[in-house]
Amino acid sequence: STESSFVLVEPEKPGGKPPAIDDGTRGAAEVKVIAKQIKDIVIIRVTNDDDSQAAIYGMSIEIPNSAVQAFRGPSDWNKPDSLSGEMNSSTLDNPIEPGKKGYFKLKIGASDITINWTAYDDSDGMLDEGNTKPISRGK
């Protein structure tokens with residue numbers, strides 16, 4: 001009968017692929033942060049992955065258990081209001097675009113540190129976060 005043949009026919013899938021699942025990360029950036037420490041200077045390299053869907057307009061950097069004596073971000077990024085606790089730096093004109101890198105330089109007072117970081121988009125939405133320990137070169 002026509003009913004049984006209708007049951008046997010599978011519905012067509014467009015393009016042969018299931019639809020993409022929206023897991024809430026659309027527009028997020030894949031951010032990699034590595035750091036190198038030479039005596040009391042820490043150089044933090046922030047890389048916005050090629051596959052990222054958003055530019056990085058702000059970074060929050062925190063170094064527990066160490067006093068930060070100086071901070072410098074990429075050109076056209078503002079300096080943090082305070083060098084204690086969580087330090088926030090951002091830009092309106094010079095974001096770290098997908099596939100690009102930005103550098104932050106800090107002068108600190110300790111040798112064994114962990115850097116906690118958060119990257120933000122142009123509307124202060126969190127893109128990515130993590131922590132890293134600097135590779136140490138010289139004490």
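The structure is a predicted model, in which local features need pLDDT of at least 70 and side-chain atom pairs count only at pLDDT 80 or more, while totals for chains, interfaces and linings use all residues. Residues are numbered from 1 along each chain as its sequence is written, and side-chain values use heavy atoms, with hydrogens and water left out.

Confidence comes next, expressed as pLDDT, the predictor's confidence in each residue from 0 to 100. The protein averages a pLDDT of 84, and 79% of the residues score at least 70. Over residues 1-11 pLDDT stays under 50, and the model has 0 contacts beyond four places in sequence for this stretch, a contact meaning heavy atoms within 4.5 Å. Residues 16-27 also have pLDDT under 50 throughout, and for them the model has 3 contacts beyond four places in sequence.

The strands named below are DSSP runs of at least two residues, marked E and numbered from the N terminus. An open sheet is formed by 5 strands in the order E4-E6-E2-E1-E9, with mixed pairing; its edge strands are E4 and E9, each of which pairs on one side only. Two strands are said to pair if DSSP finds at least two bridges between them. Strands E1 and E2 run antiparallel and are joined by 8 bridges, and Ile 38 stands opposite Ile 41 in E2. Antiparallel pairing also links strand E7 (residues 115-120) with strand E8 (residues 126-132), here over 6 bridges, with Thr 118 opposite Glu 129 in E8. The hairpin of E7 and E8 has 5 residues between the strands, and in it Asp 124 takes a positive phi near 65°.

Accessibility is classed as buried under 20% relative accessible area, exposed over 50% and partly exposed in between, with a 1.4 Å probe and protein chains only. On this scale Lys 107 is partly exposed at 34%, and Asp 40 is partly exposed at 30%. In another bridge, Asp 49 and Lys 32 have their closest N and O atoms 2.7 Å apart; Asp 49 lies in the loop between strand E2 (41-48) and E3 and Lys 32 in strand E1 (residues 31-38), so the pair ties together parts that are 17 residues apart in sequence. Here Asp 49 is buried, with a relative accessible area of 18%, whereas Lys 32 is partly exposed at 48%. A further bridge joins Lys 133 and Asp 112, with the closest N and O atoms 3.0 Å apart. Of these residues, Lys 133 counts as partly exposed at 47% relative accessibility, and Asp 112 as exposed at 63%.

Two serines in loops complete the picture. Ser 66, in the loop between strand E3 (58-62) and strand E4 (68-72), is buried with a relative accessible area of 15%. Its side chain reaches the backbone nitrogen of Gly 109 at 3.4 Å and the backbone nitrogen of Ala 110 at 3.5 Å. Ser 82, in the loop between E4 and strand E5 (86-90), is partly exposed with a relative accessible area of 33%, and its C-alpha atom is separated by 9.4 Å from that of Val 68, 14 residues away along the chain.

Note on methods: Helix = DSSP H or I, 4+ residues; strand = E, 2+ residues; numbered from the N terminus. Polar contact = N/O pair within 3.5 Å; in protein donor to acceptor, adjacent residues only side chain to side chain. Salt bridge = Lys/Arg side-chain N within 4 Å of Asp/Glu carboxyl O.
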